[in-house]
Amino acid sequence: MTSVLVSCEDILTALPEDKISQETFWQEPGNVRGLVADMYARAFPPISELSPAFDEAMSDNSYLVWEGWYTNIKLVANGTMDSYGSVPANIWSYSYEHIRFAWQFMENKEKIIGMSEDEITALTGQVRFIMAYAYMRLSFFFGDVPLIKHVLTVEESKVITRSPKADVVAFIHEQLDLATNELKGKTLEKGRITADACQALKARVYLLNNDYANLLSVTTNLIGKYSLHTAGETPYADLFNGVAEDANEIIFSRQFAHTTGSKKTGHSINPAFF
């Protein structure tokens, strides 16, 4: 007969075996890299209310030909959006989802092991950019919004109030300045956020807020590094069909991995707009 003594405390404190725990997540570099890659995918989707192409369809710059839930974009464009429309709610909720992911990274990056300090610094800069991008969209569409600077508890999320737009914009520039320094001099794979991308986003924020003096200052530093793509018979179209994806005009672009088992011609966004 064999007797086994098991402590109840040991059972109650055991780590789950069917999922990654908070305690062990940051100890595996692959988890951290995957988190940041997922943040890229969420923040810059090809199709949703967070896509710059869909932003254009809210104006008279383009027209969305698809039907279905995408029709809500058309309602913004033609001025018939009502309180049941999904666009404002999705922009708000998705943006704050990205901000929460960003602060989860920021508050736990000291726990990362098995990764060089140089890589952690580069990932931090990329995460700051994504957070700043989310706040740029929130402040542009809604003005005063809650300015969150840590991972909120459930209780905090119920009582947080909006901050003045000016404070949000100042925070965006602060994060982009930090990100620029964290990414400066880094050699990163194609499709990654760079120091110049941070400066370009600062320029866009200045433009959206009619701050032309600072806009000129930032863009002056980028002049000479980039130039309009003019080669070929269809230079503009080539920026989007893959022919000129390495053009010197591009400061930052979302990259798509090639897939096997299926084949698609052209970009999935192209058939949706005209």
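Tutor: We start with contacts: two residues are in contact if they have heavy atoms within 4.5 Å. Among contacts in this chain between residues at least 6 apart in sequence, 62% join residues at least 24 apart.

Student: What should I keep in mind about the source of the coordinates?
Tutor: This is a predicted model, so local features need pLDDT of at least 70 and side-chain atom pairs count only at pLDDT 80 or more, while totals for chains, interfaces and linings use all residues. Residues are numbered from 1 along each chain as its sequence is written, and side-chain values use heavy atoms, with hydrogens and water left out.

Student: How many helices and strands are there in the chain?
Tutor: Helices (H or I, at least four residues) and strands (E, at least two) are DSSP runs, numbered from the N terminus. Here the chain has 12 helices and 0 strands.

Student: And what share of the residues counts as buried?
Tutor: Buried means under 20% relative accessible area, exposed means over 50%, and partly exposed lies in between (1.4 Å probe, protein chains only). Of the 274 residues in this chain, 38% count as buried. For the accessible surface, the Shrake-Rupley method is used with a 1.4 Å probe, and for residues only the protein chains shown count as cover. The chain total is about 16,500 Å², with 55% belonging to carbon and sulfur atoms.

Student: Is Ser139 buried or exposed?
Tutor: Ser139 is buried, because its relative accessible area is 3%. This residue lies in helix α7, residues 117–142. Neighbours within four places in sequence aside, Ser139 touches Lys165, Val168, Val169 and Ile172.

Student: How do I read aromatic pairs?
Tutor: A pair of aromatic rings is described by the distance of the centres and the angle of the planes. Rings of Phe, Tyr and Trp (its six-membered ring) pair if their centres lie within 6.5 Å; planes under 30 degrees apart are stacked, over 60 edge-to-face, and the rest tilted. That rule gives 12 aromatic pairs. One of them, Phe44 with Tyr133, is tilted, at 5.1 Å centre to centre and 55° between the planes. This pair links distant parts of the chain, with Phe44 in the loop between α3 (29–43) and α4 (52–57) and Tyr133 in helix α7, 89 residues apart. Phe44 counts as buried at 9% relative accessibility, and Tyr133 is buried at 11%. Tyr96 and Tyr135 form an edge-to-face pair, 6.3 Å centre to centre with 85° between the planes. Tyr96 belongs to helix α6 (residues 87–108) and Tyr135 to helix α7, 39 residues apart.

Student: Are Tyr96 and Tyr135 buried or exposed?
Tutor: Both Tyr96 and Tyr135 are buried.

Student: Which residues form one aromatic cluster?
Tutor: Tyr40, Phe44, Phe129, Tyr133 and Phe252 form one.
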